[in-house]
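Look at the chain from one end to the other before reading on. The paragraphs below take it step by step.

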Amino acid sequence: MASSTDNPTDKPTDNPSIDTTPISPTLERQTSLEKHLQTRPEEQDLKNRHILLDTTAAPALQARAAELERQRITDNLKKGLSKRSGKEELVEKNILPDSTAAPGLQAQQRELQKHMRANSLEKQLQSRPNPEDLVKGGILQKDENPLADS
């Protein structure tokens, strides 16, 4: 008893590697194409999303026009970059911080400097001379009282 796989003249019926779908368009493919064509975006929408070029130039000239536009933008960018201020000038104008710390650490550095200034000020206020010492030092007059409200 021979099986169907032993005879080379038999047609393979259950072979998954052979595509048996018809080449001609089926009704399902036609309806799918029609559905996609109906939901196709408008020309202006494609131009707004920069998929189509919004130009009236001939197709043969569109590539050259795009290249020239890109070159114009590049030239304007180089011109603007050549005029921009240097780091020293930006630090001088307090636009950039005068710090060698990494940008991610600069906020913590500023916060630490603020706390250090507050601590230093508090320490100096605690060791501030009283009015009697200032009168003895000749800084204040006897009738002056810096603590009195005017």
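The model shown here is predicted. Its secondary structure comes to 6 helices and 0 strands. Read from the N terminus, the order of elements is therefore simply α-α-α-α-α-α. How much of the protein is buried? Buried residues account for 5% of the 150 residues. The protein exposes about 14,600 Å², and carbon and sulfur atoms supply 53% of that area.

Helix H1 covers residues 27–38. At 1.5 Å a residue, the 12 residues of H1 should span 16 Å, and the end C-alpha atoms are 16 Å apart, so the two values agree.

Helix H2 runs over residues 43–48. Glu 43 and Lys 47 both belong to H2 and sit 4 residues apart, about one turn of the helix. These two residues form a salt bridge, with their closest N and O atoms 3.3 Å apart. Is Lys 47 buried or exposed? Its relative accessibility is 17%, and because buried means under 20%, Lys 47 counts as buried.

A second salt bridge to look at joins Asp 45 and Arg 49, where the closest N and O atoms are 3.8 Å apart. That pair still counts because the cut-off for a salt bridge is 4 Å. Asp 45 is partly exposed, with a relative accessible area of 32%. Arg 49 is partly exposed too, at 47%. Both values fall between the limits of 20% and 50%, so neither residue is called buried or exposed.

Next comes His 50, in the loop between H2 and H3. What is the phi of His 50? It is positive, about 60°, although His 50 is not a glycine. His 50 has a relative accessibility of 72% and so counts as exposed.

Helix H3 takes in residues 59–83. Gln 62 is placed in this helix. Which residues does Gln 62 contact, leaving aside its neighbours within four places in sequence? They are Leu 53, Thr 55 and Ala 57. Gln 62 is partly exposed, with a relative accessible area of 22%. Buried means under 20%, so Gln 62 does not count as buried.

H3 also holds Arg 64 and Glu 67, which are 3 residues apart, about one turn of the helix. Their side chains meet in a salt bridge with an N to O distance of 3.1 Å. Arg 64 is partly exposed, its relative accessible area being 44%. The structure holds 5 salt bridges in total, including those described here.

In the model, the span 75–100 is 58% helix and 0% strand, and its end C-alpha atoms lie 32 Å apart. For the span 119–144, the figures are 54% helix and 0% strand, with 29 Å between the end C-alpha atoms.

Phi of Asn 94 is near 60°, a positive value in a residue other than glycine. At 70% relative accessibility, Asn 94 counts as exposed because the limit for that word is over 50%.

Ser 99, by contrast, has a relative accessibility of 13% and so counts as buried. What does Ser 99 contact, apart from its neighbours within four places in sequence? The contacts are Gln 106 and Gln 109. With Gln 109 there is also a polar contact, in which the side chains of Ser 99 and Gln 109 are joined at 2.5 Å.

How values were computed. Residues are numbered from 1 along each chain as its sequence is written. This is a predicted model: local features need pLDDT of at least 70, side-chain atom pairs count only at pLDDT 80 or more; totals for chains, interfaces and linings use all residues. Side-chain values use heavy atoms; hydrogens and water are left out. Helices (H or I, at least four residues) and strands (E, at least two) are DSSP runs, numbered from the N terminus. Buried means under 20% relative accessible area, exposed over 50%, partly exposed in between (1.4 Å probe, protein chains only). A polar contact is a pair of N or O atoms within 3.5 Å; within protein, one must be able to donate a hydrogen and the other to accept it, and residues adjacent in sequence count only if both atoms are side-chain atoms. Contact means heavy atoms within 4.5 Å. Accessible areas come from the Shrake-Rupley method with a 1.4 Å probe; for residues, only the protein chains shown count as cover. The expected span of a helix is 1.5 Å times one less than its number of residues.
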